[in-house]
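Colleague: I have some questions about how the terms are used here. Please set each value against its definition.

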Protein chains: 2
Amino acid sequence: MSDTDTNNDWRESTIDSAQAQEHPETALEVAKITMLRQSIDNVDMAIIALLAERFKYTTQVGALKARAGFAPADYKREEYQIERLHRLAVDAGLDPDIAEIYREFVVTEAKKRHQRIADAGGDPGVLDVFA
Amino acid sequence: MSDTDTNNDWRESTIDSAQAQEHPETALEVAKITMLRQSIDNVDMAIIALLAERFKYTTQVGALKARAGFAPADYKREEYQIERLHRLAVDAGLDPDIAEIYREFVVTEAKKRHQRIADAGGDPGVLDVFA
């Protein structure tokens, strides 16, 4: 770790091969970061695919709820999800706060879309191609 | 779809077998919703596992950045991620707005943790077991 605050200019710079050449003392860290970022990108690709499937499912739920006259919100279901995701996060070694932020994000977005479907009388076509 | 607003009381209620028995006209929808929810729960389980891996990777990146003296933020990397996730979302049939909300959520949380590691002089032990 460098304590030279005079070198502050490069602390904000992008981590790439140019950076590594300019500061050979950080080359090993730059190489490791580059490798880790590839794994992070792979994880993101998998999560985006899963989110796409999740929203396809919730769109179907939204259409069924609207057709049957159910409200978009279901608080008992949400309680179940909060407890379950907390438990799964702990098991997986993930900060449960992050699982809860994830849950709020997907549930909020799904509910918004359910309301739009309900307003259109149960027609999921009200959502665009990304519904 | 029911237009009987007088029945508004059950529109807010939980979707379960009791609900289906009370309102047999919605039994098919309830059964379908129950099945879809199982798939949604399976997707969530997979995403929680992937998020756990993602934060393990970003914790390592945070420690390497702190050791090399890099700032937690890297705007060039963020631009790359924004463009890539948008493209992946469109390919997967996911609303790109959702991909962007996802990206903001994970990057914000990762950066918070990177800052904590940097403040502790590159020691990822500063984060608890969920780091």
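Colleague: How do the residues lining the largest pocket divide into nonpolar, polar and charged?

Modeller: Three are nonpolar, four polar and six charged. Asp, Glu, Lys and Arg count as charged; Ala, Val, Leu, Ile, Met, Phe, Trp, Tyr, Cys and Pro as nonpolar; the others, Gly among them, as polar. This is a predicted model: local features need pLDDT of at least 70, side-chain atom pairs count only at 80 or more, and totals for chains, interfaces and linings use all residues. Side-chain values use heavy atoms, without hydrogens and water.

Colleague: What makes a residue part of the lining?

Modeller: An atom within 4 Å of a pocket point. A pocket is an open set of points on a 1 Å grid over the protein atoms alone, where a 1.4 Å probe fits, with protein on both sides within 12 Å along at least five of seven lines. The lining has 13 residues, with A:Arg77, A:Tyr80, B:Ile15, B:Thr34 and B:Arg37 nearest the pocket centre.

Colleague: What makes A:Arg54 and B:Asp44 a salt bridge?

Modeller: The term needs a side-chain nitrogen of Lys or Arg within 4 Å of a carboxyl oxygen of Asp or Glu. Here N to O is 2.7 Å, so the pair qualifies. Chains B and A share eight salt bridges.

Note on methods
Residues are numbered from 1 along each chain as its sequence is written. Chains are lettered from A and ligands numbered from 1 in the order in which they are written.
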